[in-house]
Amino acid sequence: MGEKTEMASWNGLPVELKGLILGHLASGAVTERRSKIWKAKGKRHDMGSYAVVCRQWQGFIEKVNFSNLEISTSKDLASFDEIFQGPSRRSYLRRVSLRVELPRYANKLAKIPETDVEQNDNEIAFTQGIWNFFDILSKWTTSGAGIELELSAASPSDKNKYFGEMGLDQDGNSRFFDHDLDFCFITAGCDQVGRHGLPEVSVVSSCQVLRRNHRNFSSRALLTIFSSLPQLHEVRFEPWHQVDMEAQLEVDSDHARTLPFWPSHIKRISLFEHFDAFADGGEGEWEDADSGDESEAEENADAVAAPGPTMDDEEDGGVPRTSCPSLGHNLGYLSLQAEEMAVSNVSDVSDFFEGFISRRSAPPVWKHLRRLVVTSNMMIDGVDAELINNVLRMVANVAKHMPALQVMEIYKTDQFGGAVFRYSVETLSTKASWESTWDFRVDKDVKAAWTEVAKKNTPHSLEFLPEIRLGDYQGPYVFFDQNLVTKDLVLHPSSLEDMLSKKLDKCKACHGFCAHPKNSEQVWGSLGVDG
């Protein structure tokens, strides 16, 4: 008889194979934990049970288990502080999502705006939650890469279905949008420490407020948070378009006033305004190119065709989203300190650069800016081609002063289509291109202007690729995913994933991908006809 083959024991396995096995266990458990559909409780894989098998397993599993955490200010802060007393576990933490838990309210109040008392209670919870968390992290010392911090606020009573159109009362007010959360250190009983009121935290390198946050953070609160993070390198801010343009203008004006005070050590900035909460929200995003009368279009043509286009006059552009030029101007000045920056829907590219173009002296030099993405309200189907070419020409004149530029994308989407102009510097070539869902040709003088950009800032001659008319338009979310090479800068991956998970159907009323599409029955009903 042949010799009996003995099965290898765990201790006899090579270190590399052990790592693969443990990695498979850990990744499977993490994927299961984050999936929207969990298994029955008895069948779930508990990461904690893997960690207690032996000391060798503990270190490996904990490194995965503690790398990305979601915690609540109401119930998790004490255990978080206890678990991360040791420096080894602190080194595992790469990302933490802090949810500030606001007070509960009765279900019958879901569509009733908050009272002053409720707003004050929310601000106390907001202040105490963030202050206490910062106090814990302020005792940590920096080691290696910094931590990504995501902030959000919500009440356990909040219902997602009431966020947006369904949550408006008869006067158009919303519990989610009618108040901007701010700090109230004295009322909340929190000592104002440091220079800005919050304990300073040196281990956070990225601060994010993403699509899944459904409460407004005031511009002052954001400034306080950013200023209390001395090692902050990246800011991602994805606010929602407000209930109406009056409310939006107020929010925009507040942000415009605080932008000049953002810390100079922030080098990666991504701002994306989400537009799909309300049927008439974000008109600049969803607006038909033919909206407005002919006189407005003529005024707009004169404004942009002139050297150094401006949109200071709110009526000139016919696009409500550009109603706060100072916000665009201050974002433009903020780009001078950035290495990477994306501004989507918050401001138009003309406002973004207008502060530099209107100066008598030459624009400054963007010494460190490598990637830039900005939206242009002109780049929609139906706008005169000359107006679009004026925008591209204006941007080229500014881009000459960006010696480190590697990628720039100017883009726009609406319910009917999308377009993107791209300038990219690669190892062996420099290219420019235009892609849109309608026919468009870049003027020769515009191509010449971009040729000068490449000649001045790169060792290559510019290759201007033939204009491309894209195929069937599947809505703005798919356009972001498939047509922006800078999508990682424009949107956080979790936000884009959420957007792509939402099925967009063409509206039977406008025949486009609008925020709240109507079906055939709704269209006939609005006309007073039985389906």
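Of the 101 residues in the largest nonpolar core, the ones touching the most other members are F80, F133, I225, W262, F353, W434 and W450. Helix α14 gives the most to this core, with 9 residues. A nonpolar core here is a set of buried Ala, Val, Leu, Ile, Met, Phe, Trp, Tyr and Cys residues joined through side-chain atoms within 4.5 Å, and buried means under 20% relative accessible area (1.4 Å probe, protein chains only). Apart from it lies another core, of 18 residues, including F479 and L484.

Keep in mind that this is a predicted model: local features need pLDDT of at least 70, side-chain atom pairs count only at pLDDT 80 or more, and totals for chains, interfaces and linings use all residues. Residues are numbered from 1 along each chain as its sequence is written, and side-chain values use heavy atoms, with hydrogens and water left out.

Now for strand β10. 5 of the 5 residues of β10 (residues 371-375) are buried, so the strand is largely enclosed by the rest of the structure. R371, V373 and T375 point one way, while L372 and V374 point the other. Helices (H or I, at least four residues) and strands (E, at least two) are DSSP runs, numbered from the N terminus; two strands pair if DSSP finds at least two bridges between them.

Note on methods. Buried < 20%, exposed > 50% of the residue type's maximum accessible area, 1.4 Å probe, protein only.
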